[in-house]
Amino acid sequence: MKENNENRHGNHGVARRRPVTWSIAPAALLMGMVGAGCGDDSSGPEFTKLDGGRDAPVMVPDAPVMGPDAPVMGPDAPVMGPDAPVMVPDAPVMGPDAPVIGIDGPVTGVDGPVTGVDGPVVGIDGPVTPIDTAAPFVCRNDMVPAPAEITVDTTWPCNTYVLNGITAIGNGATLTIAAGSTIYGNSQDNTNPAVVVAKRDGRLVAVGTKEHPIVFTSILPAGTRVPGDSLAGVALLGKATINNGTCQGDPNPATPECEAPGFLQSNIEGLVADDPRGQYGGTDDTHDCGELKYVRVEFAGSLVGPDNELNGITLGACGSKTKMSYLQVHRGFDDGIEFFGGTTSLDHVVLSGNTDDNLDWDNGWRGKVQFLIVHQGYSKGDKGFEGDNLGGAETAVPRSSPEIWNATLITEPGSTHIGMHLREGTLYKLRNFVVLNFGGGVLDADAVTVVPANDWPTLISVENSVFFGGAVGAPDTAKDNDKGFDENAALLDAARMNTSTVDPQITSIAFPSPNYVPMNAAAVSGKATPPAGMDVTATYAGAVAPGDTAPWYAGWTSFPTN
């Protein structure tokens, strides 16, 4: 919502005890000079214009216009000039102590100064707060049913909307959702889940603000909601490259390769397998699926069948022009955010209390992430990260290779969960992490054909990070599923600059009011410098700066149990 500023002027009348018939011109001149200080510039702050009212009367008994001590003209009282008073020092317009000091100077009132355009207006009895004429934030509560198809550019003003099934955006259209809107899921039908899907030829633009985030949530009353009860989530589908699917437009179908200009296409999990609205994949790694900013997704998820679920936010083949910032997925039935190929990046993300994994990737995702919080809770959750390239073809291209900086991964004390399960040929570069309480290990690297020890540390690595409260390497040695890779030794190699014995002292990991600020600055400071394009000042481990009193997640996130 755009803010519209309009100047509003209020007049406060003052009875004149000694009228002077020819003093209109000086009074008008004074008003003109005050007006010149405020003007009609709508970009400035609001204030009360002085028009001879009670806060700035032009005439008072102690300010004679006539007399030997108050000539209007003369060497001691020039009318013009930025520093020239209208009345001589011995005969001020506003009484003995209230000279008008010029166009840009203070106009001293009876009890205090009127200090320029941006200053306070001090009246007879005290300060008069400048009038705020910005239009009040208005958001209706009409529970508008969402349509099944959006085929022309559409804007949803701030209101409440109800998804009774799939709302698909396509035909080149963009759906824009206004800040402050709430979108309720209202479907238990897994063949027609309550989800907004931006198809390959559609875009979703949902940009909230810190004060007015956009919320996707369950339609059930607060206190009764559970993960996946009525909302499926949000899915963005694009035309970037993936490494799994069926070849479209192959000029030489007799060969096993999908040759250009052909491309791989797949159908997104969570929708019926042959639903054309779920198709994704293409050749444009810059493809724009839209933008999500200051968006919360709560109690989402939909199960169609085994390994066929919708996550809180699902991205299939979205490209680098897609923007994803300031997002929270809370208490989802499946994963928090999952990428299926593509090149989209993330920043400032909270994934909290989700039932399965929190950040999941497959099929050639090559995005970047900075400032990510993963927080398992409610005795739920599987892995902090689950990352794959492609099972059965671990070196398929494009090969998954995310780069992630400044992440905090937390689970409950005593947990046996794995912090990061990275497998099936994915590459990764992970820097400046805090990982707490994962009894199953910070890292478990699995492989069938590739050899993790050969890829470490040039193609896969975790560095400049702080581990505490759990195991470092995966303790399960009963099976050899990593070609003999020793995660513990790799992570604690001195060249990797990781630590495992110092508590970063995260302030609180208790729902519903967690505080992710590390209080032990010495433990997390002095880490690696992020690359250009990221926040290069974040030379600390974790998603939040040590001692931060106004962390980036405050004010727009929420952590309800039900």
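You are looking at a predicted model, in which local features need pLDDT of at least 70, side-chain atom pairs count only at pLDDT 80 or more, and totals for chains, interfaces and linings use all residues. Residues are numbered from 1 along each chain as its sequence is written, and side-chain values use heavy atoms, with hydrogens and water left out.

**Stop 1: the disulfides**

Cys139 and Cys158 form a disulfide with their sulfur atoms 2.0 Å apart (a disulfide here is a pair of cysteine sulfur atoms within 2.5 Å). The torsion about the S-S bond of Cys139 and Cys158 is about -95°, so this disulfide is left-handed. Cys139 sits in the loop between strand S4 (126-128) and strand S5 (144-145), and Cys158 in the loop between S7 and strand S8 (160-163), so the pair ties together parts that are 19 residues apart in sequence. Helices (H or I, at least four residues) and strands (E, at least two) are DSSP runs, numbered from the N terminus. Cys158 is buried, with a relative accessible area of 11%.

How many disulfides does the structure hold? There are three disulfides in the structure. For the next, select Cys247 and Cys258, which are joined with an S to S distance of 2.0 Å. The link of Cys247 and Cys258 is right-handed, with 75° about the S-S bond. Cys247 is in strand S16 (residues 246-248) and Cys258 in the loop between S16 and strand S17 (263-267), eleven residues apart. Cys247 counts as partly exposed at 30% relative accessibility, and Cys258 counts as partly exposed at 26%.

Now pick Cys289 and Cys318, joined by a disulfide (S to S 2.3 Å). The torsion about the S-S bond of Cys289 and Cys318 is about -100°, so the disulfide is left-handed. Cys289 lies in the loop between strand S18 (279-280) and strand S19 (290-298), while Cys318 lies in the loop between strand S22 (313-316) and strand S23 (323-330), 29 residues apart. Both Cys289 and Cys318 are buried. With the bonded cysteines numbered in sequence order, the pairing reads 1-2, 3-4, 5-6.

**Stop 2: neighbouring strands**

Colour strand S7 (residues 154-156) and strand S10 (residues 174-177): they run parallel and are joined by three bridges (two strands pair if DSSP finds at least two bridges between them). Trp156 has Ile177 in S10 as its bridge partner. Continue to strand S13 (residues 203-207), which runs parallel to S10 and is joined to S10 by four bridges. Opposite Ile177 you will find Ala206 in S13.

**Stop 3: the cores**

Which residues have the most contacts inside the largest nonpolar core? Select Leu204, Phe216, Leu236, Leu292, Ile337, Leu359 and Phe385, in a core of 65 residues. A nonpolar core is a set of buried Ala, Val, Leu, Ile, Met, Phe, Trp, Tyr and Cys residues joined through side-chain atoms within 4.5 Å. Strand S31 (residues 428-436) gives the most to this core, with four residues. A second, separate core of 25 residues includes Tyr294, Val466, Phe511 and Ala543.

Next, centre on Ile337. Not counting residues up to four places away in sequence, Ile337 touches residues including Ile313, Leu315, Val329, Leu346 and Leu359 (contact means heavy atoms within 4.5 Å).

**Stop 4: Val374**

Val374 is in strand S27 (residues 368-375) and is buried, with a relative accessible area of 0%.

**Last stop: the whole protein**

Zoom out. The secondary structure comes to four helices and 36 strands. Of the 562 residues, 53% are buried. Residues 24 or more positions apart account for 67% of the contacts with a separation of 6 or more.

How values were computed
Buried < 20%, exposed > 50% of the residue type's maximum accessible area, 1.4 Å probe, protein only.
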